[in-house]
Amino acid sequence: MITLPWEDPFSDERVTVPLIFTTTRRGAIKRATFDGKSWRPAVEAAGIVPTRATGMHALRHFYASALLDAGESIKALASYLGHSDPGFTLRVYTHLMPASEERTRQAIDNLFRS
C-alpha cells in the first residue's frame, strides 16, 4: 500500500492504494532497482541492446502513445503522467497524436446532419 496525494500533488488530501508491483517485502520498488534487476536483464534476454530508447522510460512512452492513439486528451494524459503543465505533455508527445483531419470532418458533418 502507498499513500500519496491523488491527482493534485499539492493537495493535503491523501489516498491509499495498493501497489501493482512490490518488493518481496511488499514495499514500493525503486525505479533504478526495477530497471537494473528486472527490466534491463529482460531487454538483454530478448536480444535487444539496452539503450535510452529501450529503457524503463520506454514503458511510459508506450503508455502515453497508446492513450493518445485511443483519443485521450492532452490534459488528461498530463494528469495521468504527473505533469503539472499540459503544454509540456503536448510538446513531448505531439508527434504521436493521430492526424485529426477525418475526425474534424466527421464532427462538422455530424453537426449539420441533423
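The model is predicted, so local features need pLDDT of at least 70 and side-chain atom pairs count only at pLDDT 80 or more, while totals for chains, interfaces and linings use all residues. Residues are numbered from 1 along each chain as its sequence is written, and side-chain values use heavy atoms, with hydrogens and water left out.

Let me begin with the helix pair. Two packed helices are described by the angle between their axes and the distance between the axes. Here, helix H2 covers residues 57–69 and helix H3 covers residues 74–81; they pack at an angle of about 155°, with their axes 10 Å apart. That makes H2 roughly antiparallel to H3, a term for angles over 145 degrees. Helices in this account are DSSP runs of H or I with at least four residues, and strands are runs of E with at least two, numbered from the N terminus. Axes are lines fitted to C-alpha atoms, for helices over the stretch in contact, and angles run from 0 to 180 degrees between N-to-C directions.

Which residues meet? From H2 come Arg 60, Tyr 63, Ala 64, Leu 67 and Leu 68, and from H3 come Ile 74, Leu 77, Tyr 80 and Leu 81; contact means heavy atoms within 4.5 Å. By class, the residues of this contact are eight nonpolar, no polar and one charged.

I turn now to the core. In soluble globular proteins, nonpolar side chains tend to be buried together. The largest nonpolar core in this model has six residues: Ala 64, Leu 68, Ile 74, Leu 77, Leu 81 and Tyr 93. Such a core joins buried residues through side-chain atoms within 4.5 Å, where buried means under 20% relative accessible area, exposed over 50%, and partly exposed in between, with a 1.4 Å probe and protein chains only. H3 gives the most to this core, with three residues. Ala 64 touches Leu 77, Leu 81 and Tyr 93, not counting residues up to four places away in sequence.

Thr 94 lies in the loop between helix H4 (86–93) and helix H5 (101–113), and counts as partly exposed at 43% relative accessibility. Thr 94 is 26 residues from Leu 68 in sequence, and their C-alpha atoms are 9.1 Å apart. Arg 26, in the loop between strand S2 (14–17) and helix H1 (31–45), is exposed at 66%. Its phi is near 65°, a positive value in a residue other than glycine. Asn 110, in helix H5, is partly exposed at 45%.

Notes. Parallel < 35°, antiparallel > 145°, perpendicular 65-115°, else oblique. Nonpolar A, V, L, I, M, F, W, Y, C, P; charged D, E, K, R; others polar.
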